[in-house]
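Work through the exercises below with the sequence and the model at hand. Each task is followed by a stepwise solution.

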Amino acid sequence: MADTEFDFSALEKRLNVSRRTFLKFCTGVAASLGLGTEAAYAMAEAVADKKKRPPVIWLHGQECTGPTEALLRSEQPSLEHLILDLISLDYHQTLDAGAGHHVEELKRHAMQENKGKYLLVVEGAIPLAQDGIFCKIGGQTMVDATREAAENAAAIVAYGSCASWGGVQAASPNPTGAVGAPQFLKDKTVVTIPGCPPNPANFIGTVLFFVTYGKLPPIDGKGRPKWAYGRLIHENCYRRPHFDAGRFATEFGDEGHQKGWCLYKLGCKGPETYNNCPSLEFNNVGGGVWPIGVGHPCFGCSEEGTGFNKALFSLSDVKTHTPPNAFPTIDSREDASSATVTTAALAGAAVGAALGASAVAGSKLGKKESEQE
Amino acid sequence: MNRRDFLKTSLGSAAMAATAGVAEARPNLEPAPQAIGMLFDSTLCVGCKACVTACKTVNGNKPTIVGEDLQWDSARDLAPETFNVIKVYTDGNQLTKDSEVDGFAFEKRSCMHCVDPGCVSVCPVTALVKDPVTGIVTYDVDACIGCRTCMTGCPYNVPQFDYDNPFGALHKCEMCNQKGLERINNGMMTGCAEACPTGATLFGSREALLDEAKKRMALKPGEVYNYPRGDVRDPSSYHEKAVPEYRQHIWGEKEAGGTNVMHISSIPFDKLGMPPLGERSFVSISESVQHTLYSYMALPAVVLGGLTWLVKRNTDGDDEGGEQ
């Protein structure tokens with residue numbers, strides 16, 4: 001067995017979880033990433049090996065600390081232990097026990113010591129207006145802090161919608177000029193884990209991939225890991241059959257709503273929002289508790305241009321129903337169901353032939369008889 | 001009567017009949033004042049096909065199964081079991097909705113319920129009739145002789161004959177008002193309009209729908225408009241949406257005398273498969289020609305006279321020969 005190669009006793013002590021629970025967690029994460037058992041063991045090994053844990057610098061910008069809070073309240077047992085021991089969290093404004101200039105000094109020290117090796121997590125938007133004076137930490141603007149930390153980071157993860165594309169701060173009229181980390185750090189690759197708050201499983205999965213393989217998972221054009229954001233909510237939604245059959249709830253509490261019909265008419269943004277909520281459920285709460293599960297239309301919190309931008313009850317664009325999805329083209333015909341030009345011509349020819357034949361027959365009527373004589 | 005007199009008379013009467021007919025050429029029919037219809041706004045359609053499913057459910061039609069693996073309805077065009085279908089126009093990379101270039105657009109195919117319907121005009125047994133009050137083109141299976149002339153008389157390829165059935169009948173949308181269903185008579189709306197989540201298929205009187213369509217034409221692209229859903233005269237709900245750049249063309253306002261089911265879109269209608277039709281109803285033209293030719297049975301009389309003369313000329317010698 002591959003697992004006998006590792007010594008889990010130290011890990012069990014350190015994380016305060018049983019070997020069984022720990023391996024179950026790793027297998028679960030690997031499965032949601034679309035990886036097999038081998039990857040799960042590789043992940044387990046990576047986590048068990050203390051030397052492999054990357055140092056993490058965690059910055060907070062304009063935000064509500066929702067992503068961190070979501071992470072701390074994750075459903076899996078002892079996850080806070082895991083996430084805190086899985087990585088070496090050197091600097092985190094919410095979770096650090098210390099405070100003030102001492103902690104700021106430690107951050108600089110950690111960044112210097114682990115040059116090119118640390119993982120930078122950005123949480124919150126970065127305000128650019130008026131030289132970034134709208135957000136300052138320890139006397140340093142978020143603009144400077146982000147630029148400084150990104151300089152020597154091995155990888156950058158934008159955690160939450162605010163860090164990914166600006167979030168609620170960036171909504172019109174955006175007085176602080178808030179932008180997300182990818183828009184600010186244009187020359188760097190930034191992995192984004194959007195959501196308000198984002199699903200902690202999406203973060204843990206991405207970080208575990210990084211820890212295990214030393215590189216980031218495949219991402220899409222907006223920096224989102226494809227394993228988590230590759231599909232629209234609409235594609236995996238369990239209310240989807242109601243959508244296809246035209247059964248819609250039209251107002252809260254009506255017959256359709258009580259029967260669990262599709263929430264599209266109530267403004268559900270599932271058809272234009274890329275996230276894995278239907279399979280993992282929003283915020284990893286479990287038990288069917290996510291917006292669409294409890295009968296509320298999806299808000300589109302993780303989708304740039306949707307959450308905080310489109311009105312709550314306005315209809316969304318249905319991105320699944322676009323070409324080259326299976327639609328009959330304008331010229332499509334069912335087999336043998338219509339008169340074509342050829343059949344019309346043939347019918348016309350038949351009529352013409354009948355007319356001509358009768359005329360010829362009439363003219364020949366007498367001739368034949370006279371010839372016979 | 002000698003040959004010369006006979007030809008003179010028959011040609012003269014034919015010419016008279018022809019001139020009388022031209023003078024009587026009938027104009028386009030007018031829409032019924034209480035006519036009901038539907039307005040399809042291509043820019044609102046999201047392609048969910050809820051209307052196709054609703055249509056099949058309401059009318060009791062079976063799904064169109066293609067191949068052995070697919071177990072869902074995949075109708076490609078109107079068919080005996082499909083009265084309504086959503087099709088797509090695509091161009092280039094197919095990225096932008098309602099864009100003629102590098103875009104796509106949805107289009108509904110169903111009976112247009114013409115004001116001056118070709119199928120009704122050509123039907124020899126009045127199995128197809130336009131309802132004088134609602135303007136719905138209805139079909140009577142008991143009167144139908146299965147000649148399928150209506151299929152060639154329709155410019156939109158709407159009437160469909162089930163060739164596989166030995167007792168085949170014609171099938172088309174009757175606005176959910178056929179015998180046994182009668183949704184309109186019972187104050188309900190069509191199945192497709194009721195199911196449409198965006199109001200892309202809007203139900204109502206032809207007059208109210210035409211007003212709504214004209215109102216949309218007048219809107220400025222980009223401004224927010226409150227789109228009604230269901231029945232335009234008493235909408236079940238509204239939803240707000242930015243106005244697209246509409247083509248200033250309401251298909252069915254005037255085409256071939258107008259239709260009760262009208263379409264509006266952001267791309268030209270020829271791209272959406274609409275036939276090139278002028279404002280003059282082709283039915284009025286063909287009926288004028290036909291009724292002229294057959295007025296007082298003049299032309300048949302001429303043809304019969306001609307044939308009779310031909311026969312007589314060629315058989316005259318025989319009679320004489322016989323006597324000899």
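**Exercise 1.** Which residue is the bridge partner of V121(A) in β7(A)?

*Solution.* The model is predicted. Go to β7(A), and V121(A) is found bridged to V157(A). Next, take the strands as a pair. β3(A) and strand β7 (residues 155-159) of chain A run parallel, joined by four bridges. Then turn to another partner of β3(A). Strand β1 (residues 55-60) of chain A pairs with β3(A) over five bridges, also in the parallel sense. Here H60(A) has E123(A) as its bridge partner.

**Exercise 2.** Decide for strand β3 (residues 119-123) of chain A: is it enclosed by the rest of the structure or open to the outside?

*Solution.* Check one face: L119(A), V121(A) and E123(A) are buried. Check the other: L120(A) and V122(A) are buried as well. Five of the five residues are therefore buried, so the strand is largely enclosed by the rest of the structure.

**Exercise 3.** Which residues touch the most other members of the largest nonpolar core?

*Solution.* The core holds 162 residues. M43(A), L119(A), I156(A) and A158(A) touch the most other members. Helix α3 (residues 37-48) of chain A gives the most to this core, with eight residues. Now look around M43(A). Leaving out residues up to four places away in sequence, M43(A) touches C26(A), V29(A), A30(A), L208(A) and T212(A).

**Exercise 4.** Describe the contact between the two domains of chain A.

*Solution.* Start with the bounds: domain 1 covers 53-229 and domain 2 covers 231-326 in chain A. Their C-alpha centres lie 28 Å apart. Domain 1 of chain A puts 20 residues into the contact, and domain 2 of chain A puts in 15. On the domain 1 side, α8 (161-165), α10 (200-213) and α11 (226-229) of chain A each give two or more residues. By class, that side has twelve nonpolar, five polar and three charged residues.

**Exercise 5.** How far apart are the centres of domain 1 and domain 2 of chain B?

*Solution.* Both domains are written in two segments: domain 1 is 3-27 + 285-316, and domain 2 is 36-115 + 173-279. Taken over C-alpha atoms, their centres are separated by 46 Å.

**Exercise 6.** What is the strand order of the three-stranded open sheet in chain B?

*Solution.* The order is β2-β4-β3, with mixed pairing. β2 (84-90) and β3 (96-97) of chain B are the edge strands, each pairing on one side only. β2(B) pairs with strand β4 (residues 103-110) of chain B in the antiparallel sense, over seven bridges. Within β4(B), A105(B) is the bridge partner of Y89(B).

Definitions and conventions: Residues numbered from 1 in each chain as written. Chains lettered and ligands numbered in written order. Predicted model: local features only at pLDDT ≥ 70, side-chain atom pairs only at ≥ 80, totals over all residues. Domains from an automatic or database assignment. Contact = placed C-beta atoms within 7 Å. Nonpolar A, V, L, I, M, F, W, Y, C, P; charged D, E, K, R; others polar. Core = buried A, V, L, I, M, F, W, Y, C linked by C-beta atoms within 7 Å. Buried ≥ 20, exposed ≤ 12 C-beta atoms within 10 Å, placed from the backbone. Pairing = 2+ DSSP bridges.
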